[in-house]
Structures are given as C-alpha cells and as structure tokens.
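Please look through the chain below before reading on, and keep the sequence beside you. The briefing that follows begins with the chain in general and then turns to individual residues.

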Amino acid sequence: MKVWPFGVPCEVLLSAQNRDPSVPVIDGCRNIHYVTASHALPQIQLSKGINPIARSKNGQRRPAILIRSSPWKAGTAETSWLDVFDLDNGRVRYFGDHRADHTVPVGSTPGNAVLLEALAEHRAPTPSIG
C-alpha cells in the first residue's frame, strides 16, 4: 500500500462482477469486496464512479470516498475522457459523475458534491469548519 505525501494511504483494489468477498486477490490486486467485507454493514457498491462511504454516527468522520474508473474505456464514444490516478505523487485527475445528459448544476451530482465537500474539509483552517 502506498501512502500519499500528506499521509493518507491509497491502494488500487479490483472488483469482480460477482463481488465475491471470499476471494482475497484478483489479477494480482486485492479484491475490494474481500478488504471491505463486514457482517454488520452492507457490501459496498461500485456501480457509480464515486461512492462516498457513509459518515460515522456522529457525522464527524467519513472513512473513505471510493473512486472507480475504467481506463480501458478511455477514448471511446461511451468514455471519451481519461481519468489519471498518480498514486506516487498523491494526485488524481478524475472527471467526476456529471454526464452530458444531467440537468443539475455542475458540482451538484451526488459524487461530485461529496468530493467538493471533502475538499472544503481538507482546506478548512480548523477541524470545526467544513
């Protein structure tokens, strides 16, 4: 597992279509459903590009925001963009979940909104702001 320059761990995990939590490794990477399996919580869903894991009960902590990409689709009619995950330097260029057919303002789709919220929290000068 890599650690980004600001101390946040990051790792590329794979997901199989059958979402089997009993398989620890898929194609040389850890299986996200194995890593996140829980008897107390529902299985994570990666059907959308951005999955904000629910905040803690007191609302002060979100354990993760999962971002899914399909780099093999880049440059196709379905996915004309290329998301870039630069784990060595702690940067992601991700085009979010706002598609051309969405009628809501840019930044207000569920995934983009949670990323903007996380950005505001990370830039906040004190823990109580954000």
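**The chain in general**

About 9,600 Å² of accessible surface belongs to the protein chain, and carbon and sulfur atoms account for 57% of that surface. The model described here is a predicted one, and the values below are computed from it.

**Overall build**

- Read from the N terminus on, the elements of the protein chain follow the order β-β-β-β-α-β-β-β-β-α.
- Taken along the principal axes, the box that the C-alpha atoms of the protein chain fill is roughly 40 × 40 × 30 Å.
- The protein chain has 130 residues, of which 21% are buried.
- Among the contacts in the protein chain with a separation of 6 or more, 26% are between residues 24 or more positions apart.
- The side chains of the protein chain include 14 positive and 11 negative ones, and 5 Å lies between the centres of the two sets.

**Two loop residues**

- D27 sits in the loop between β3 and β4 (29–30), and its phi is near 50°, which is a positive value in a residue other than glycine.
- With a relative accessible area of 74%, D27 is exposed, because the class of exposed residues takes in values over 50%.

- I67, F85 and V92 together make a nonpolar surface patch of about 200 Å².
- One of these residues, F85, has its place in strand β7, which spans residues 84–86.
- F85 counts as partly exposed, because its relative accessibility is 33%.

**A buried residue in a strand**

- N51 is found in strand β5, which is made of residues 50–52, and N51 counts as buried because its relative accessibility is 13%, a value under the 20% limit for buried residues.
- Leaving aside residues up to four places away in sequence, N51 touches I44, Q45, A64, I65 and L66.

- N112 lies in helix α2, which covers residues 110–123, and N112 is buried because its relative accessible area is 13%.
- When residues up to four places away in sequence are not counted, N112 touches I50, G96, D97, H98 and G107.
- A118 also has its place in helix α2, where A118 is buried because its relative accessible area is 16%.
- Along the chain, A118 and I65 are 53 residues apart, while a separation of 8.9 Å is found between their C-alpha atoms.

Methods. Residues numbered from 1 in each chain as written. Predicted model: local features only at pLDDT ≥ 70, side-chain atom pairs only at ≥ 80, totals over all residues. Heavy atoms only, no water. Patch = residues over 30% accessible without salt bridge, like charges linked within 9 Å, V, L, I, M, F, W, Y side chains within 5 Å. Areas by Shrake-Rupley, 256 points an atom, 1.4 Å probe, with all protein chains shown as cover. Salt bridge = Lys/Arg side-chain N within 4 Å of Asp/Glu carboxyl O. Helix = DSSP H or I, 4+ residues; strand = E, 2+ residues; numbered from the N terminus. Buried < 20%, exposed > 50% of the residue type's maximum accessible area, 1.4 Å probe, protein only. Contact = heavy atoms within 4.5 Å. Lys, Arg positive; Asp, Glu negative; His and termini not counted. Charge placed at Lys NZ, Arg CZ, Asp CG, Glu CD.
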